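Here are some notes to read alongside the model.

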Amino acid sequence: MSTSKQTQVETDIAAAAHPAAARRMLNETQVLAIIPISRTTLYRMEKVGRFPKSTYISPNRRVWYEDEIVAWQNAVDEFDPHRARGKGRRARTIVAAGGKPDVR
């Protein structure tokens, strides 16, 4: 099951367990205080489905539900160096193969 589908199922289960409880809404600043990523990364992850979708409660007000963020945190895999991307990957590959890192 994909992470977004699993998160949705967990959210539905949590909502069924507490049908009368109000869901806490977090604004962008609050989400970024919890999740150590940049604003751009947050929106990129949301766009590709690797982070819970936000909801507009007015034309200029976007929020995330706290229970969805918590469910996402529980479902996140630890860092997998084999899926690493970025500037350091080439250097790690060269070092692992026994060569010298390419330092520019």
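1. Ground rules first. Helices (H or I, at least four residues) and strands (E, at least two) are DSSP runs, numbered from the N terminus. This is a predicted model, so to speak of local features takes pLDDT of at least 70 and side-chain atom pairs count only at pLDDT 80 or more, while totals for chains, interfaces and linings use all residues. Residues are numbered from 1 along each chain as its sequence is written, and side-chain values use heavy atoms, with hydrogens and water left out.

2. Start at Pro52, in the loop between helix H3 (39-48) and strand S2 (55-58). Pro52 has a relative accessible area of 9% and is buried (under 20%; exposed is over 50%, partly exposed in between; 1.4 Å probe, protein chains only). Not counting residues up to four places away in sequence, Pro52 touches Glu46, Trp64, Glu68, Ile69 and Trp72, where contact means heavy atoms within 4.5 Å.

3. Glu46 lies in helix H3 and counts as buried at 8% relative accessibility. Beyond its neighbours within four places in sequence, the contacts of Glu46 include Lys53, Arg62 and Trp64.

4. Now the sheet: 3 strands, open, antiparallel, in the order S1-S3-S2. Two strands pair if DSSP finds at least two bridges between them. Strand S1 (25-26) and S2 are the edges; each has a single partner strand, so one side of each lacks a neighbour in the sheet. S1 is joined to strand S3 (residues 61-65) by 2 bridges, and Met25 stands opposite Tyr65 in S3.

5. On to the rings. Tyr43 and Trp64 make a tilted pair, 6.2 Å centre to centre with 50 degrees between the planes. Tyr43 lies in helix H3 and Trp64 in strand S3, so this pair ties together parts 21 residues apart in sequence. Tyr43 is partly exposed at 23%, whereas Trp64 is buried at 0%. Phe51 and Trp72 form an edge-to-face pair, 4.8 Å centre to centre and 70 degrees between the planes. Phe51 sits in the loop between H3 and S2 and Trp72 in helix H4, 21 residues apart; Phe51 and Trp72 are both buried.

Terms used:
Rings of Phe, Tyr and Trp (its six-membered ring) pair if their centres lie within 6.5 Å; planes under 30 degrees apart count as stacked, over 60 as edge-to-face and the rest as tilted.
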